[in-house]
Amino acid sequence: MSEKPKIYRVTSLRGLATRLRDDLSSGNQDFVLLYAYNGTGKTRLSMEFKDAGKRKNKGQPDTLYFNAFTEDLFSWDNDLEEGKERRLHINADSKFFKGLKDLALDERIGYYLGRYADFLFDIDYDQWTISFRKGENARHIKVSRGEENIFIWCLFMAICERVIDGLETYAWVKYLYIDDPITSLDDNNAIAVASDLAKLLRKAKGRTRPEAVVADGPGGAENAPRLVPAPIKAVVSSHHALFFNVVCNELKKGTHKKYLLQRPERGTVYTLRATDDTPFFHHVSMLAELQKAAQSGKLYTYHFNMLRSILEKTATFFGRDDFSACIHGLDDADLFSRALNLLSHGKYDIYQPSEMVDDNKKLFKEILQAFLGRYEFALPEMFGQPEQRAVVPQTP
């Protein structure tokens, strides 16, 4: 069993931002991953992290961020008469869009958008507007709030690609801070977004950029370009258990810190619980997600991946080498083990998620019930509700 996880108690968001920056700089971490429920202060923390960079650099930013405020950089023509062309306006004064006209982002935005949605877009770089369409007969439509959000996310991802490529316009970016990009997405798209983000962050970690060699005296070294390591580091925060789990799994080979962020009783004290060692607090929350899915009957194939991940972490906690140790000795243990091996996969079924057939739903509930019955996990108060024993309904 590992040592009790460290808990950092901080009395301000500024102190939290300093802690995260220290992890990335002097702590030499590539990523910091935060799990926290809504209302904890995640969005305000992301802005404090950004402001800390400006204070340190005498007014110059060092963080490109995506959060709820990013959506405010876009606004609709809402007072138009029927039949008018509706367009989404871009705040051209924001540093976020500096050089946007010259970035040629349409193809990359479309690349990402095609993974999550079925509408198309056109950007007018002279008027700083965006129009949307679905087919030839549905032009200049107003997309839903969720569709708007995912378009903005795709635009952000496309800009990040240019940042990683070393575009001079974004040479000021040292950090990426992503807070809950999936507030309006279902679980299927949440997996795809998490996987695509992790792939981008791995690329940011290994980024190099050209830098001139400095001459060392009269007739010194030739000013030939060379490649030097210049990684971009990142903070990712989320309240979505599935999204957070996928990001953690995809980035597990990188040097990183994982924390549970809390604000007990909505007070002025914040706590960061290190979850790199057991117990894995976000996995307890994942159990709550699986319990909710089992109760609703809306079970998808990727839920087997989540359940197996939890069993693996539990086995590690008890010093066992294989997840099957968690169900050894139970009735139907061999069946449960074979099912988890066959129905969970190394890769998430991202683009063609499918609902479980009834027999697999029944089997999933039986495995989850047997696991919870053995270990009697509880949902403690730190997850926003009174402590209670986890229960899965039996399938008739």
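This is a predicted model: local features need pLDDT of at least 70, side-chain atom pairs count only at pLDDT 80 or more; totals for chains, interfaces and linings use all residues.

Q: Let's start with strand β2, residues 31–35: how many of the five residues are buried?
A: Five of the five are buried, so β2 is largely enclosed by the rest of the structure.

Q: And which way do the side chains of β2 point?
A: Phe31, Leu33 and Tyr35 point one way, while Val32 and Leu34 point the other way.

Q: Which strands does β2 pair with?
A: One is β12 (residues 233–238), parallel to β2 with five bridges. Another is β13 (residues 256–262), which also runs parallel to β2 and is joined to it by five bridges.

Q: What does its side chain contact?
A: The Lys258 side chain makes a polar contact with the side chain of His256, at 3.4 Å.

Q: Switching to helix α2, how does its span compare with what 15 residues should give?
A: The two agree: at 1.5 Å a residue, α2 (residues 42–56) should span 21 Å, and its end C-alpha atoms are 21 Å apart.

Q: Which residues of α2 are buried?
A: Among them are Leu45, Met47, Phe49 and Ala52, along with Lys42, Glu48 and Lys50.

Q: And what follows α2?
A: Lys58 does, and its phi is positive, near 55 degrees.

Technical notes. Residues are numbered from 1 along each chain as its sequence is written. Side-chain values use heavy atoms; hydrogens and water are left out. Helices (H or I, at least four residues) and strands (E, at least two) are DSSP runs, numbered from the N terminus. The expected span of a helix is 1.5 Å times one less than its number of residues. Buried means under 20% relative accessible area, exposed over 50%, partly exposed in between (1.4 Å probe, protein chains only). Two strands pair if DSSP finds at least two bridges between them. A polar contact is a pair of N or O atoms within 3.5 Å; within protein, one must be able to donate a hydrogen and the other to accept it, and residues adjacent in sequence count only if both atoms are side-chain atoms.
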